[in-house]
Structure formats: structure tokens, C-alpha cells
Amino acid sequence: MSASEEEVKLFGSVGSPFVIRVQIALKLKGIQYKYQEEKLGYLSDVLLKYNPIYKMVPVFLHNGNPISESLVILEYIDDTWKNNPILPSEPYQKAMARFWAKFIDDKCVAAAWKSVFLVDEEQREKAREELFGALQFLENELKDKFFGGEEFGFMDIAALFIPLFQEVAELQLFTSEKFPKLYKWSQEFYNHPIVKEIMPSKDQLSGYFKARAASIAASKK
């Protein structure tokens, strides 16, 4: 099957950082795809069929085969389309990129979410301290312009969640004084032409986060 005949479709919600990860990868690779917008709390039957376990966006569909979870999708895209590689080719460096991407989701994303949306101020402050500890590890890990070197890669795309939280929630998660390398990285990453083209407006991002928080709250009732 030629590239022009391939079926490539992305199910997403505007403002979702996890969807933005996939969109940046697709843009970097120059992949044409169809997009279906999903409304949080009112997901389509098609999406639920393709992702019955997690029932979340993003879902990536390639020639009828559905794939969910943003980091898994990024790896699939990189394995399938070889141009403009996202992951390093050297096995150890590739393993480290995967390790730090998982660290970002496990230690940074969760803590950032709690630091914004938990009702209890004491719990929010505890989450913020956990986040600062995790960010210090990333600050120490950043050796070049990007985590991927002179060009952004897998870990940079994974880490977009962090400055995005700072932008939407107007939190001073990292400043040029506290985390100088991360601060400079965030400026470089968000001003990259591909990222700037993909990134939704602040209102769209805020809308997603509010809808996501409402959806989580409703599920706990």
C-alpha cells in the first residue's frame, strides 16, 4: 500500500497535551491524517470501540489498527515512518529516552495536575513540592538545547506537559532563577516552528483542563 493510500486518523480533543504530543510527531514526520474531535464526557461509540480499556484520547488509527496511549503512539509513528527520527538510534540512549518519558508522566504530570486541581490547599502544596523535586531531576538531565540534542525528540515531546501547565494555570513552576536550563528549554521548544503551529490557544488549553477536571469530578460521584 502506498503512502497516499494509507488510512491515518487521529481521535483527539483540542487542548489535550497527550493529543498535542501525537500531533507534533505527525507534523514532524510530514504525515497527512484525518482528525476526529471528541468531546470529553461524550466520547463517540467509535472511539470507545477502539479504546474500550481506557476510554480516552488520543487514539491513533493506521490502516484499521487502533493504538492508544500517547507515548506508545509516538513510538509506533517513529517505527513506521523512518524520516525525522524522534527516538535515538543507539539502544542505551533510546532506553534512557523511554525511561525519562515515563518519569515525566509518572512523577511530573501527576504532581502538576494535583498541584492545580486538588481542593485542599495543604495537598496542593505537597504536590507542588513533589513536582519541584521531579523538575530538579530534569534540570540535571538537560545537557543540550533540547533533551534530544540540537533538535527536539521523544523526551522533549513528552515533557511539553510541564510548561503547558505553567501557561494555563499561571503557576511559576519553573523560573529562570530556580530552573534556568528548563526555563530556557521551554522557550526554545515552544518557539520551534512546528510546535508553534500545533499548539492550541490558551483559551482552548484552559477549556480542555476545565472539562477534564469536571469529568474526573463527575466520575467520582
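Two strands count as paired if DSSP finds at least two bridges between them. In this predicted model, strand β1 (residues 8-12) and strand β3 (residues 59-62) are joined by 4 bridges and run antiparallel.

- An open sheet is formed by 4 strands, in the order β2-β1-β3-β4, with mixed pairing.
- The edge positions belong to β2 (34-37) and β4 (65-68); each has a single partner strand, so one side of each lacks a neighbour in the sheet.
- On average, neighbouring strands of this sheet are turned by 20° against each other, direction ignored.

**Histidine 62**

- Strand β3 also contains histidine 62.
- Histidine 62 has a relative accessibility of 5% and therefore counts as buried, the cut-off being under 20%.
- Leaving aside residues up to four places away in sequence, histidine 62 touches Glu6, Glu7, Val8, Tyr76, Thr80 and Trp81.

**Helix α1**

- Helix α1 (residues 17-29) packs on the sheet and touches β1, β2 and β3; the direction of α1 makes about 155° with that of β1.
- Because 11 of its 13 residues are buried, α1 is largely enclosed by the rest of the structure.
- The buried residues of α1 include Arg21, Gln23 and Lys29 as well as Val19, Ile20, Val22 and Ile24.
- The 13 residues of α1 should span 18 Å at 1.5 Å a residue, and the end C-alpha atoms are 19 Å apart, in agreement with that expectation.

**The nonpolar core**

- The largest nonpolar core has 67 residues, of which Ile24 and Leu138 touch the most other members.
- Helix α4 (residues 91-117) supplies the largest share of this core, with 10 residues.
- Isoleucine 24 touches Phe152, Ile157, Leu160, Phe189, Ile194, Val195 and Ile198, when residues up to four places away in sequence are not counted.

**Helix α4**

- At 1.5 Å a residue, the 27 residues of α4 should span 39 Å; the distance of 38 Å between its end C-alpha atoms agrees.
- A bend of about 30° occurs in α4 at isoleucine 104.
- Isoleucine 104 is itself one of the buried residues of α4, among them also Trp100, Phe103, Cys108, Val109, Trp113 and Ser115.

Notes
Residues numbered from 1 in each chain as written. Predicted model: local features only at pLDDT ≥ 70, side-chain atom pairs only at ≥ 80, totals over all residues. Heavy atoms only, no water. Helix = DSSP H or I, 4+ residues; strand = E, 2+ residues; numbered from the N terminus. Axes fitted to C-alpha atoms, helices over the stretch in contact; angles between N-to-C directions. Contact = heavy atoms within 4.5 Å. Core = buried A, V, L, I, M, F, W, Y, C linked by side-chain atoms within 4.5 Å. Buried < 20%, exposed > 50% of the residue type's maximum accessible area, 1.4 Å probe, protein only. Expected span 1.5 Å × (residues − 1). Bend = angle between axes of the 7 residues up to and from the residue.
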